[in-house]
Amino acid sequence: MKNLISVLLLFTVMYFQVLAQFQNKMDTENYVQYVNPFIGTKNMGHTFPGAAAPFGMVQVSPETNIQPMYLEDGSYNKDTYRYCAGYQYEDSTIFGFSHTHFSGTGHSDLGDILIMPTTGGLNLEPGTTDKTVTGFNSKFSHATESAEPGYYSVLLNDYQIKAELTATERAGFHRYTFLKGGDVNIILDMIYNIYGYEGKNIWTFIRIENDSTITGWRQTSGWARTRFVYFAIQFSKPFQNYGYKRYDEVKYSGFYRRFKESQNFPEMTGKEIRAYFSFQTDPGEEILVRTALSPVGTAGAMKNLNAEIPHWNFDKVKNETQKKWNNELSKMKVESLTNDDKITFYSALYHTMLSPIIYEDVDGSYRGLDQNIHNSESFTNYSIFSLWDTFRALHPLYNVIQQKRNEDMIKSMLVHYEQSVHKMLPVWSHYANENWCMIGYHSVPVIVDAIIKDAADINPVLALEACINSSNLSYYDELGFYVDSGFVPEDKTGSSVSKTLEFAYDDWTISKLAEHLGKKDISKIYSKRAKNYKNVFDEDIRFARPKLSDGSWKEDFDPLDTHGQGFIEGNAWTYSLFVPHDITGLMELLGGEEKFMERLDSLFTMELDDKYFAETEDITRDGIIGNYVHGNEPGHHIPYLYNWTSQPWKTQEKVRMIIDEMYGSGEDGLCGNDDAGQMSAWYIFSSLGFYPVCPGDDKYWFGSPSVVQGKINLENGKTFTVKTINQSRENIYVEKIILNGEELTRNYITHSEIINGGELTFCLSPNPAKK
């Protein structure tokens, strides 16, 4: 009997041990395995496969071509657009690994501090992809290339060097294994730029601190016209010799002419220079390189390096960074129909966390818009705000899963405003520069959305002041004329209709903020301005149309054309549906509900000839369904507009079609630029079954979820779960929706209903619920 009891006790203990191990495994599931960083690297996704930490300042990644921004005759080089992130999957050549990259943008900059390991004789020329000009580039194969969040690896075939990359928030870590050994030269290319052109480099300075440490900086004038990047680099092995070549004309060198500066001289200066560091290696030997960046100075870069990588354990850094990624990715736990769907989901989630980037040193020092050095003190400073894209879904997503970061991002926007000589919130900013790209003042809806949803603790008085001043900068895109006359005139500035429509929406969000703060007079002013969208609608043709300053309509108007018709990266068919703050009013302008539904139906079924977007490089055939362009942002809300009609089932149908046709788990899994995470944020929301049609409002409008189940782990400790019944590829229609046990009779869920936690269940069917 005692033996039997002992055996039972033993089995009981073993059972609970196995259960505990299983539970621990469930709690620490490896979400990193579901991310494919190569998604979007083929065609026009403009993503990069290299290593980065979540929201990290360093993105160390390969450059697979060098395409200057301008051709020899001075004309724009269209091929440069393909290399906004420095990498195209179809390429087979690597020129090196640089430390700064945008993710998914449709214009570019960066590509700083390019490092390339080589063997054999020294060659400081990059060469060409076709090898007609030999250089330090190397062929590679995707068969010996791999990428994970926080890690990248490739074999450089020409040199038989295995290159591995990982990163922290402020530093990149390289591990080079020289399979054959021998003479080694590690090239530091300070000429290379993404979107490079003659004259972009203003100055470069490098110091050789000792036989294994260098520091320096580079100033460039490109998309950001006054941009500084400071760095510190350490090698795990002392270099035997070093030197550099200066490619720009030296008109005056003072008394430095007494030195032979090109070899073993501990200072290197010039506008365009390439340096080299020479080593001897044995077969199989490793050389590791640690590189930290700073927006402030080389001392800050060294401080960042010592704080984040104070050792030479590459695998430890990789594992720590991947743990950070796992923590971020685990904020959403989904079950999918297929493993490919799961890869698509978590890769999209990954892409929403590559930018904005932390833009400060470990001690809080950062370079401000005024080019002075500041300290963040009570917040973390961020940069890279692609706001024309990201106000739509990325920042609303952060209000659900990244509230503290989004609060810091908004505080970063507000210090930008305070440092701005224009007293303007960011339009499109990066690296302590406003680049003025795109239109609108879309920091405003980001700020208002967070305040309305009680998702950020920020100064509401300062926020309202910043929003009002930004909306009244008279010399910005004819805002003065807009304020006085109610529309932007096409004969004064291009893209006038898009500007009018987007200003009107932004104004509506200011009215909501003023109302929220009890400022009735201000709210009334901006509520009136929010109706300005009506001033550019031609009721005879029922399209938004450009007006001239005398109030007349522009002649020779084609609502299908995306070029020269008063719109930016879209046409009248798309932009006539951009009134997210007043869908009912829009419906009336278009002739009522029936006409509105007919317009939506036509958009998805008509054919758009290539000639209508031939002059718009941000729109390609890959991202088009009928005349609906999902590959660019202006229409991302459109599939959800059926919710304002008697046919919400068509939203469900269109959303599932877009999820299936416009996204995937392969290299071509993005149908257009990811645009700093906006394209991916659309997918995340839509996969869960709802979308923020109008940021600044607290509603998320229903579609049809593609996940089997999704659990959102909220920062307040609560969870919100999305469940589906009868989920399948065919069952795309919603029969009914149940929130916390009660059936809903509305087509939306509110922000507070999500943040308070609970359970949302979609009952799905192969047939639309037409009643």
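Modeller: We will talk through aromatic rings, then charges over rings, then helix packing.

Biologist: What should I keep in mind about the origin of this model?
Modeller: The model is predicted.

Biologist: How many aromatic pairs does the structure hold?
Modeller: There are 57 aromatic pairs. Take Phe-239 and Tyr-242, whose ring centres lie 5.6 Å apart with 75° between the planes. Planes over 60 degrees apart count as edge-to-face, and this pair is edge-to-face.

Biologist: Are Phe-239 and Tyr-242 buried or exposed?
Modeller: Buried means under 20% relative accessible area. Phe-239 has 7% relative accessibility, so Phe-239 counts as buried. Tyr-242 is buried as well, with a relative accessible area of 12%.

Biologist: How are the rings of Tyr-663 and Tyr-683 arranged?
Modeller: Their centres are 4.8 Å apart and their planes meet at 50°, so this pair is tilted. The pair links distant parts of the chain, 20 residues apart: Tyr-663 lies in the loop between α16 (649–662) and α17 (678–688), while Tyr-683 belongs to helix α17. Tyr-663 counts as buried at 9% relative accessibility, and Tyr-683 counts as buried at 4%.

Biologist: Which residues do ring pairs link into a cluster?
Modeller: The cluster includes Tyr-663 and Tyr-683, and among its other members are Tyr-640, Trp-682, Phe-685 and Phe-690. Tyr-691 and Tyr-700 belong to this cluster too.

Biologist: Where does a charged end sit over a ring?
Modeller: One case is Arg-392, whose charged end sits over the ring of Trp-388, 4.8 Å from the ring centre. Another is Arg-599, with its charged end over the ring of Trp-573 and 5.2 Å from that centre.

Biologist: Now for helices. At what angle do α7 and α9 pack?
Modeller: Helix α7 (residues 403–419) and helix α9 (residues 460–470) pack at about 60°, and their axes are 11 Å apart. The two helices are therefore oblique to each other. Their crossing is left-handed. On the α7 side, Leu-414, Tyr-417 and Glu-418 make the contact; the α9 side includes Leu-462, Ala-463 and Asn-469.

Biologist: What about α6 and α7?
Modeller: The axes of helix α6 (residues 394–401) and α7 come within 6 Å and cross at roughly 130°. That makes α6 oblique to α7. To find the meeting place, look for His-395, Tyr-398, Asn-399 and Ile-401 in α6, which meet Gln-403, Asn-406, Met-409 and Met-413 in α7.

Technical notes: Residues numbered from 1 in each chain as written. Predicted model: local features only at pLDDT ≥ 70, side-chain atom pairs only at ≥ 80, totals over all residues. Heavy atoms only, no water. Phe/Tyr/Trp six-rings, centres within 6.5 Å; stacked < 30°, edge-to-face > 60°. Buried < 20%, exposed > 50% of the residue type's maximum accessible area, 1.4 Å probe, protein only. Helix = DSSP H or I, 4+ residues; strand = E, 2+ residues; numbered from the N terminus. Lys NZ or Arg CZ within 6 Å of the ring centre and 35° of its normal. Axes fitted to C-alpha atoms, helices over the stretch in contact; angles between N-to-C directions. Parallel < 35°, antiparallel > 145°, perpendicular 65-115°, else oblique. Left-handed = near helix turned anticlockwise from the far one by under 90°. Contact = heavy atoms within 4.5 Å.
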